[in-house]
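Hi everyone, thanks for coming along. Please have a look at the sequence and the structure as they come up, and then I'll walk you through them.

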Amino acid sequence: MATLLLIDDDQTIREMLDMLFSKCHECHTADRAEQALEFLEFQNYDVVITDISMPGLCGVEILRRINQRHPTIPVIVITGREDQFKEIVLKMGAFAFFSKPFPLAGLEHAVTNALAQGVKMQSLAV
């Protein structure tokens, strides 16, 4: 069972993501980037899904910090702001990018691929 961190200030999105992934994975939710960064200090995550637009630190900043401190964690970015951030976050190393409303099957597929990549990265480190 993988552990996912789901970050979005929209409670409905957080709950939907939790319902979608908690059937097969352990899920932790955060309503802001600062809370998520605290979680990352004490818990190992296999995949992070984050929104871009949130009060306080934005998703671009959390992606940057995760890449610096936890470079093996795949980060999937979701946003309701069209595709204006897509190129930026993908260049920064985001595993995948989805605009809201996003296809749930596509997001599930991205998480499956991210988890598979994580297993490959762990085997290379051994």
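**Cores, charges and cysteines**

Let's start with Val 48, which touches Leu 5, Ile 7, Ile 66, Ile 73, Pro 74, Val 75 and Ile 76, leaving aside residues up to four places away in sequence. Contact here means heavy atoms within 4.5 Å.

Before I go on, a word on what you are looking at: this is a predicted model, where local features need pLDDT of at least 70, side-chain atom pairs count only at pLDDT 80 or more, and totals for chains, interfaces and linings use all residues. Residues are numbered from 1 along each chain as its sequence is written, and side-chain values use heavy atoms, with hydrogens and water left out.

Back to Val 48. Together with Leu 5, Ile 7 and Val 89, Val 48 touches the most other members of the largest nonpolar core, which has 22 residues. Two or more residues of this core come from each of strand E1 (3–7), helix H2 (33–42), H3 and strand E4 (75–79). Apart from this core lies another one, of 20 residues, including Leu 6, Leu 17, Phe 21 and Phe 102. By nonpolar core I mean a set of buried Ala, Val, Leu, Ile, Met, Phe, Trp, Tyr and Cys residues joined through side-chain atoms within 4.5 Å. Buried is under 20% relative accessible area, exposed is over 50%, and partly exposed is in between, using a 1.4 Å probe and protein chains only. Helices (H or I, at least four residues) and strands (E, at least two) are DSSP runs, numbered from the N terminus. As a general point, nonpolar side chains in soluble globular proteins tend to be buried together.

Now for the charged side chains. How many salt bridges does the structure hold? There are six, counting a side-chain nitrogen of Lys or Arg within 4 Å of a carboxyl oxygen of Asp or Glu.

One of them joins Lys 100 and Asp 51, at 3.4 Å from N to O. This pair links distant parts of the chain, 49 residues apart: Asp 51 sits in strand E3 (residues 47–51), and Lys 100 in the loop between strand E5 (96–99) and helix H5 (104–125). Asp 51 is buried at 3% relative accessible area, while Lys 100 is partly exposed at 24%. Asp 8 joins in too, in a network of salt bridges with Asp 51 and Lys 100.

Next, Glu 61 and Arg 64, whose closest N and O atoms are 2.4 Å apart in their salt bridge. Both lie in helix H3 (residues 59–69), three residues apart, about one turn of the helix. Is Glu 61 buried or exposed? Glu 61 is buried, with a relative accessible area of 18%, whereas Arg 64 is partly exposed at 33%.

Arg 32 and Asp 31 also form a salt bridge, with their closest N and O atoms 3.2 Å apart. Arg 32 is partly exposed at 35%, and so is Asp 31, at 33%.

Finally, the cysteines. Searching the whole structure turns up zero disulfides, a disulfide being a pair of cysteine sulfur atoms within 2.5 Å. Cys 27 is in none, and the nearest cysteine sulfur, that of Cys 24, is 9.4 Å away. Cys 27 counts as buried at 16% relative accessibility, and Cys 58 as partly exposed at 30%.
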